[in-house]
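This briefing walks through a few selected side-chain pairings and packing details. Please keep the sequence and the structure in view while reading.

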Amino acid sequence: MKFSLSWLKEHLDTDEPLEKLADKLTMIGLEVESIEDKARALAPFTIARVISAEQHPNADRLRVCMVDTGDGGAPVQVVCGAPNARAGLVSVFSPPGTFIPGKNITLGVGTIRGVESRGMLCSAAELQISEDHDGIMELPADAPLGAAYAQWAGIGDPVLEINLTPNRQDCTGVHGIARDLGAADMGKFKDPGIKPIKGEFPCPVKVTVEDAALCPGFALRLVRGVKNGPSPEWLQQRLTSIGLRPINALVDITNFMTYDRARPLHVFDAAKVKGNLVVRRARDGETLLALDGRSYTLDPGICVIADEHGVESLAGIMGGEASGCDENTSDVLIESALWNEINIAQTGRKLGINSDARYRFERGVDPAFMVPGLELATRLVMEMCGGTPSENVVVGKTYGEDKIIDFPLSEIKRLAAIEVPLGEVRRILGHLGFMVAGSGAVVKIAVPSWRSDVHGKADIVEEVVRIIGVDQVPMTPFDRGDAPRKPILSPIQLRTRRAKRALAARGMIEAVTWSFIAKPSAELFGGGQPELALANPIASDQSDMRPSLLPGLIAAVQANSNRGLADVALFEVGQVFRGDKPEDQLVAASGVRHGFASSRGMGRHWSGSADTDALDAKADAFAVLAAAGAPVQALQVVPGGASWLHPGRSGTIQIGPQNVLGYFGELHPRVLEQLGADGPVIAFEVILDRIPAAKVKPTRAKAVIELSAFQPVSRDFAFIVDRAVKSGDIVRSAQGVDKKLITDVTVFDVYEGKGIDDGKKSVAIAVTIQPREKTLTDQEIEAVAAKIVAEVTKKTGGTLRA
């Protein structure tokens, strides 16, 4: 919301400095975002006269001008390229060192084609006061030389911009802002009454409202014999100061009423309206060419004003071009109405229109000002354009619902911890337009019609406190009690955050996909149940809740591939749905890699083959689980995965057969074909909810573990075991021999074939032994190795391979 200081003073009698007014506005909840003071910004620009303008010796389009700056000194030489530069011209001069806002430069002494230039003659565009850049500004011959241009031109009026919260619809007009400042002792609020204008004849246009829920009230008046032309200079300055372009008197009046009184109006050229007006829902397929030059297709959810021709206006948002006013308008219909806030907001979003009228109507306007607003607009029309008014046509309600609040004065002390006497409460609320009755501990407060945001006792306390000053509210320590502090984030929130960081650190890019997918895609990943189908899907291919994050990620990968970016790695952490019960709504972390987007780095391999494989997916999954707090040592990897994975190139991550945490591997070619994706694609998905919670143990201070100073020892073992024996069982058996000495066990080879009996396989492991207290002797190392062989043999039935 923008307004100028002089505009504010039309409603507030004040001598307070601008800075103090701005501070007070922020303190009472009307936050000042910016102050534009053109008088200060344009202070260096002065009025000057061109004494002579000679042709530049080295350029056809330049002139060398001698300029009288009015400071009593010698003329200044200026090189100027404007076509209207000539002797005797009075214009605007800027000396060296001046910042030129329209060019975003600071002027200096320059040499142009061999001729020195010590200043600049400016266009209106260079001062950012209009878009005219065809030549330098031409001022009247009697303009005072040497005077500050901004002060002489009357554009030195500071403009404030405030950031309104949605509940303060009354302050979308300067009148309401002045009321708040008056209550805050910043001046005396001016609120003269609006006298009705007597109609000279009955209005020939009747109004019908088909749905009072869409239009609670409607007022209309005809003014005959108007002469539409430019609006007065004061009105044009009001509008241009806040960035609005003056159009003509009738349109400028409606814009003025919108910003001055928060009362949007619309004017129709009566000669272009056929018959009576009706407020109704649009018919499916109707169109309107609006005043913004765009054509809109309407539907029954949109409220319109129509005549016998059809739609003439989008109710409360924008008028139609066909019935707009121009210089030939002689009879005008002025409309002032009330509209359903929700319908206005829905229509504006649906059509993509953000108008000043929509901004106010969707927040709610003062219902009691509907008819007075029409009277004030009629008076302005008659003063600026003449004409004879008709009687008003009023349909529906002209007032809002009465709202009385029983208010205990003790509420201020209870909620804000400050004591405010009844007299001060009465004064503050009275200045804000509230009526206070009673003198006891509980008073009755009548809420004014323009404050639809005030509903209860807490709202009254807020009004009193913001005017007194929130800085008067004492700081009160929060009693935390003796109980230990509870964590701010839940375990699943922590896991989600850590999972995202872990995957991003592995070079993957986070994606956010739809929670709804097509039914065939849902069925591929174990979903598609009737209870997960949407009753009212937004699109045919978004009919079911997703059982997995992977369909959306695969679609995103393919979209990138179709656009030439085949090497891509994406991840997502979000909710998946396995049933209609709360426990079936889980948080998953999933990722896909395609092309050469390996976890080991991007780029093409010398062999020409893809650099991604199932092990990349396994590494991604383990990184997520480790970051989320899963017990990595207890994780088991079982060959084979879900049905959507390649059976020979996938694995299942579990903690025992009863707790499956997730899957990884290469996507099944059948799944890729049905999803329309190019393979191969590797993927993983883990369920963060299934990670067991860490056991809470009494904490004690522990000594810092230092790195061992002794060289680690590595020993390799190869065991012949049954084909059904899992490699993970061998690893765990070896790790369990001595957890202090054995720091790492990894599988580096699995072999089946020549030299190995049928039904058997050879599994080779590398064991790292890390001495802590002393260097181990050969005999001690051999003793550990013997224990490893014995333990693996005992647990798996394997034998050491010769």
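With which residue does Arg546 form a salt bridge, and how far apart are the closest N and O atoms? In this predicted model, the partner of Arg546 is Glu572, and the closest N and O atoms of the two are 3.5 Å apart.

**The Arg546–Glu572 pair**
- The pair links distant parts of the chain, with Arg546 in the loop between strand 32 (544–545) and helix 16 (550–562) and Glu572 in strand 33 (residues 568–577), 26 residues apart.
- Arg546 counts as buried because its relative accessibility is 4%, below the 20% limit for that class.
- Glu572 is likewise buried, with a relative accessible area of 4%.

**Salt bridges around Glu463**
- The side chain of Glu463 meets that of Arg451 in a salt bridge of 2.9 Å, taken from N to O, and this pair links distant parts of the chain, since Glu463 belongs to helix 13 (residues 457–468) while Arg451 lies in the loop between strand 29 and helix 13, 12 residues apart.
- Glu463 also meets Arg466 in a salt bridge, again 2.9 Å from N to O, and because these two residues are 3 apart in helix 13, about one helical turn separates them.
- Both Glu463 and Arg451 are buried, the relative accessibility of Glu463 being 3%, and Arg466 also counts as buried, at 8%.
- Salt bridges that share partners join Arg168, Asp170, Asp180, Arg451, Asp453, Glu463 and Arg466 into one network.

**Lys444 in strand 29**
- Lys444 is found in strand 29 (residues 442–446) and is partly exposed, with a relative accessible area of 46%.
- Leaving aside residues up to four places away in sequence, Lys444 touches Ile404, Ile405, Asp406, Met435, Val436 and Ala437, and its side chain makes a polar contact of 2.6 Å with the side chain of Asp406.
- The C-alpha atoms of Lys444 and Trp7, which are 437 residues apart along the chain, are separated by 35 Å.

**The buried face of helix 19**
- In helix 19 (residues 727–735), the buried residues include Ile730, Val731, Ser733 and Ala734.
- Seen down the helix axis, the buried residues of helix 19 fall within an arc of 165°, so they line one face of the helix.
- What covers these buried residues includes strand 41 (713–722), strand 42 (742–751), strand 43 (760–769) and helix 20 (778–796).

Terms used:
Residues are numbered from 1 along each chain as its sequence is written. This is a predicted model: local features need pLDDT of at least 70, side-chain atom pairs count only at pLDDT 80 or more; totals for chains, interfaces and linings use all residues. Side-chain values use heavy atoms; hydrogens and water are left out. Helices (H or I, at least four residues) and strands (E, at least two) are DSSP runs, numbered from the N terminus. Buried means under 20% relative accessible area, exposed over 50%, partly exposed in between (1.4 Å probe, protein chains only). Contact means heavy atoms within 4.5 Å. A polar contact is a pair of N or O atoms within 3.5 Å; within protein, one must be able to donate a hydrogen and the other to accept it, and residues adjacent in sequence count only if both atoms are side-chain atoms. The arc is that of the directions from the helix axis to the C-beta atoms. A salt bridge is a side-chain nitrogen of Lys or Arg within 4 Å of a carboxyl oxygen of Asp or Glu.
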